[in-house]
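Here are a few exercises to work through with the structure open beside you. Try each one yourself before reading its solution.

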Amino acid sequence: QVQLVESGGGLVQAGGSLRLSCAASGIRFSIDAMGWYRQAPGQQRELVAQVTSGGVTKYLDSVKGRFTISRDNAKNTVSLQMNSLKPEDTAVYYCKITVLITTLQSRDYWGQGTQVTVSS
């Protein structure tokens, strides 16, 4: 079975840094995009950052210049380095992996979420 294990969340003060990591296991097909989403209480889930298999990255406007996404294809991991954290970044962060089944079909897998809380 496919499993995504997230780690690195926690409580930090404004201006601090955290690094989130996500390790995928049980993947039988190639992985296309890997990304991070977040959902704050009372808010909709939103894309924070993603990176394609070709290395193309995309970021939420509010995190550009502060967050950096990276992936290690050999280890099937994706990380999110978060610097200059703000209270507005407080949310549950979810890892998402898109797996290619065929050239016409893909499937998304989600991690269980890890809490990031930024105080002050």
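**Exercise 1.** Find where asparagine 83 sits and work out what surrounds it.

*Solution.* Step one: asparagine 83 belongs to the loop between S8 and strand S9 (91-100); strands here are DSSP runs of E, at least two residues, numbered from the N terminus. A quick note: this is a predicted model, where local features need pLDDT of at least 70, side-chain atom pairs count only at pLDDT 80 or more, and totals for chains, interfaces and linings use all residues. Residues are numbered from 1 along each chain as its sequence is written, and side-chain values use heavy atoms, leaving out hydrogens and water.

Step two: asparagine 83 is partly exposed at 30% relative accessible area (buried is under 20%, exposed over 50%, with a 1.4 Å probe and protein chains only).

Step three: skipping neighbours within four places in sequence, asparagine 83 is in contact (heavy atoms within 4.5 Å) with Gly16, Ser17, Arg66 and Phe67. Also, its C-alpha atom lies 7.0 Å from that of glycine 15, 68 residues away along the chain.

**Exercise 2.** Which strands form the open sheet, and in what order?

*Solution.* Start with the order: S1-S3-S8-S7, four strands with antiparallel pairing (a pair needs at least two DSSP bridges). Next, check the edges: S1 (3-7) and S7 (67-72) each have a single partner strand, so one side of each lacks a neighbour in the sheet.

Finally, look at S3 (residues 18-25) and S8 (residues 77-82): six bridges join this antiparallel pair. Arginine 19 is opposite glutamine 81 in S8.
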